[in-house]
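Please keep the sequence and the model at hand while reading.

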Amino acid sequence: MSLFTTEQLIEQSRRSRQRFRAIVVVIFAVGFVSTLTITAQQTAAQEPADNPTAETETQDNPDAENPPAEEEKKEEPLPILEEMQPLSIEQLMKGPAEDWIVLNAKDQVLVVQPVDPRPNTLEFLADRLKYPDKYEPKSFGVDEEGKPLAGEALEKAKRVWRKTLVYLEVHMPFDKNDISEDADRKFFIPFRVIKEIIYFEDLMLKQIDTFLDEKKISEAYEMVVVLRKRSPKWPGLQFREEGLLFAESARLVDEQKFELALVDLEQLHERNPKYPGLPDATANVADMLIKDAEAVGDFRRARHFLERLKARFPQHRTVTRWTETLTARTAALMQEAKTAEAAGDIEKALAAAETAALVWPNTPGLRTLYGRLARRHQRLRVGVLLQPRDVPTPLNRTVADDRLRELTQSTLFEPDYLDEQIVRYRSGFLNEWEPTNLGRRIRFQLRPYRQSWESQPVTVALPMIRQLSDKMQTDSQNFDERLSDRISSVAQKSPFVFDVEFENVPLRPEPLFSYALNGPGSFELAKRDERSITYRRAIPEQPDDNQYHISEVVEVQYDTPEKAIQGLLRGQVDMLPQIPLRDVDILSELSSFFVQKYQLPKTHLVQFNNQNKALRSRALRRAMAACLDNQRLLEEFVLKSPPNGKGRLTSAPFPQTSYAYDTAVLPQDYDIELALALSIAARKELGGTLPKLSLRAPPDPESRIIAKQLIAAWARIGLEVTLVEDDGTVGEDDWDLAYRIISMREPAVELWPLLTGKETAEIADLKYLPNWLRQKLVELDRVSDWSRAENLLHGLHRDMAAEAQVIPLFEVDEYLIVRKTVRGVPEAPISTYDGIEQWVVQPWYPKK
């Protein structure tokens with residue numbers, strides 16, 4: 001970026017050096033005469049030998065006393081300031097450093113090495129000459145005997161020192177091509193002949209200004225960094241650093257990066273609140289950000305930027321304008337809410353009050369209005385990652401599908417709590433269910449009333465009998481083979497009482513009747529769009545009730561767990577049904593939330609489709625199990641931390657806390673050598689080649705990552721597996737492998753459907769299973785003795801592990817987090833919306 005070549009610069013330096021040598025005597029003479037006039041008394045008493053400058057000139061350059069007239073005539077004059085070319089960018093960045101001394105005579109310029117002291121050199125010399133006592137050295141040397149000077153010798157030394165006070169010591173510029181003895185020769189220049197000194201740092205500042213004018217931000221920043229390292233406290237550097245921030249913010253505005261521009265301006269405000277143009281520049285950027293937020297209805301974001309502007313320039317007209325605009329909008333919304341409330345439209349009134357709380361939450365009277373409406377129409381906002389499928393199947397059922405079923409479907413029995421490895425049940429429809437005839441008959445007594453908080457109507461016996469009978473008819477599409485084989489008769493005894501007679505005593509009747517009842521559930525699906533789904537209470541609470549409960553559940557979808565947590569902390573939602581395990585401990589420390597652990601963990605497993613003949617190979621299944629490093633998968637992709645007690649390896653598809661789990665069966669070890677040996681055996685068994693398989697997995701990102709890790713592990717033993725995008729259109733039987741995440745509550749009842757991949761248990765679905773497994777499943781389904789059932793399940797556990805009938809990967813605990821304003825959530829819930837009919841949402845909204 002220099003205007004001259006290297007050779008031209010060297011030649012110019014040599015000419016300057018020659019001019020410097022020629023004119024320094026003239027400068028010295030002129031300055032010396034001027035000095036003699038001012039200090040005549042001292043100069044008259046001084047001997048020629050007392051002049052250190054003369055001695056230096058004589059010793060170092062004998063020709064300086066009588067320079068040849070011819071050479072003086074040939075020397076070029078010194079350049080004047082207007083003729084000086086700027087230093088190259090390379091020299092400014094890397095050196096060597098040079099100062100420019102501007103003389104009184106015609107603004108001639110001497111280029112010298114950096115002078116000392118700096119900056120304010122001339123001011124220092126003037127002060128030293130005016131107050132010499134302040135700068136007098138503590139010692140003036142020693143005599144021939146090594147003793148400090150005294151008497152006349154000391155006075156003479158002081159006079160010599162005082163004469164040097166009018167001079168500035170300078171050094172010729174360094175030239176690596178000049179190897180003469182006087183290459184670094186020093187001179188003393190009377191400071192009264194110096195008009196000004198342009199320091200090397202000032203030349204750098206000037207170049208920084210040029211860069212900023214040309215909007216070369218990166219080049220200016222690089223030079224600022226170099227100058228800061230060289231002279232961190234140099235006058236003007238701070239202003240250039242501030243200018244650099246200002247220019248950078250302008251560039252970001254041009255690139256439509258308003259938020260980054262605001263950050264730069266805020267940093268500039270911290271350094272210098274009075275920087276020219278800073279208030280208006282900050283206000284303009286904040287104004288654009290506020291407008292963008294307002295346009296999409298994100299008033300919380302708009303207030304955020306307004307508060308940032310107000311914190312720095314509270315009196316700016318932009319702050320006043322936006323404050324008036326938002327408060328006026330809030331007042332209009334409050335009036336709208338009051339009008340709707342008077343008309344009895346509480347839902348519309350609450351919507352207006354909620355918007356008002358977002359626009360300007362500290363408006364007087366708003367909290368009272370919002371609290372009155374929010375208590376009447378309680379809305380629970382839940383942050384989720386997935387929405388339910390339109391037609392879920394057992395294999396692709398997700399947690400979103402489970403939430404939908406829990407809210408919109410009712411069952412005669414539902415899980416209540418875990419008691420000594422057994423899940424206990426409750427019923428919202430029955431007063432009691434009493435076994436008689438040694439357990440072969442159960443009398444179901446329905447409740448003839450409902451509580452004010454219940455969102456389902458009173459149910460009589462006849463509809464339940466009809467639905468049960470429909471499940472027992474072989475020609476019905478709702479035919480349930482298991483119920484048909486177990487129940488011999490159903491009889492109504494009264495409008496609210498009916499008896500069920502069994503062929504043999506059931507092990508536990510509650511799981512058999514945990515199917516969905518006809519009719520609505522506690523809530524109904526009211527509205528759905530791409531980013532949210534709304535459920536409303538099936539039977540609204542009456543206006544004269546003393547205590548209201550949740551009227552509406554709104555599930556808001558987020559793209560990532562991190563964004564969902566951010567939405568929770570910002571007050572956008574009140575609850576998250578699942579939180580990443582790595583964040584559980586951190587979130588548990590938040591004083592405004594409860595973190596609740598679900599009673600049952602989730603088990604991750606790989607299931608085989610036994611309709612695929614190749615997968616009936618025991619060697620192949622065992623090879624696929626042995627090549628999986630489940631501990632690594634658990635720690636790196638689920639826990640995302642070392643073992644912390646929130647996840648563990650398992651050997652069964654049911655929880656380790658279940659009565660069905662045999663603790664003597666250990667999880668499958670990672671053994672790649674065994675896996676390779678078994679894969680070779682399987683290849684021979686299957687005719688020399690391994691099959692190409694497909695894997696279905698849940699649609700969430702974490703499950704997809706684990707599924708790809710499983711596929712990579714199977715590839716190491718020569719097994720080609722492709723991941724099927726399960727978008728809900730894949731056929732129910734169109735799969736080879738399925739990566740599933742389940743929570744099995746009742747193994748004696750749920751194991752059969754799990755192994756067949758069906759919703760219900762039917763004998764025909766068992767035909768693809770091994771004979772020993774079919775027999776044990778049928779025997780388990782008909783057992784009546786608890787000890788016998790437990791022994792059968794332990795035996796199934798051992799045999800399934802030995803045969804690798806499924807591949808259990810690990811089980812993990814799950815947690816939900818809920819704001820403390822939501823009351824009634826169980827300390828250890830069985831499911832996401834456990835007992836939601838009795839939950840209460842206290843009025844609350846974020847003030848910021």
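## Helices H12 and H14

Glu-259, Leu-262, Val-263, Glu-266 and His-269 of H12 meet Arg-301, Phe-305, Arg-308 and Arg-312 of H14, where contact means heavy atoms within 4.5 Å. By class, the residues of this contact divide into 3 nonpolar, 1 polar and 5 charged; Ala, Val, Leu, Ile, Met, Phe, Trp, Tyr, Cys and Pro count as nonpolar, Asp, Glu, Lys and Arg as charged, and the others, Gly among them, as polar. Helices (H or I, at least four residues) and strands (E, at least two) are DSSP runs, numbered from the N terminus.

This is a predicted model, in which local features need pLDDT of at least 70 and side-chain atom pairs count only at pLDDT 80 or more, while totals for chains, interfaces and linings use all residues. Residues are numbered from 1 along each chain as its sequence is written, and side-chain values use heavy atoms, with hydrogens and water left out.

H12 and H14 pack at an angle of about 20 degrees with their axes 11 Å apart, the axes being lines fitted to C-alpha atoms, for helices over the stretch in contact, and the angles running from 0 to 180 degrees between N-to-C directions. The two helices are therefore roughly parallel to each other (angles under 35 degrees count as roughly parallel, over 145 as roughly antiparallel, 65 to 115 as roughly perpendicular and the rest as oblique).

## His-304 in H14

His-304 lies in helix H14, which spans residues 299–312. With 40% relative accessibility, His-304 counts as partly exposed (buried is under 20% relative accessible area, exposed over 50%, partly exposed in between, with a 1.4 Å probe and protein chains only). Although 544 residues separate His-304 from Lys-848 in sequence, their C-alpha atoms are 7.6 Å apart in space.

## Helices H11 and H12

The axes of H11 (residues 237–254) and H12 (residues 258–271) come within 8 Å and cross at roughly 160 degrees, and the pair is therefore roughly antiparallel. Their contact includes Leu-245, Phe-246 and Leu-252 of H11, together with Leu-260, Leu-265 and Leu-268 of H12; by class it has 9 nonpolar, 3 polar and 5 charged residues.

Strand E20 (residues 693–696) runs parallel to E21 and is joined to it by 4 bridges, with Arg-696 standing opposite Val-724 in E21.

Technical notes
Pairing = 2+ DSSP bridges.
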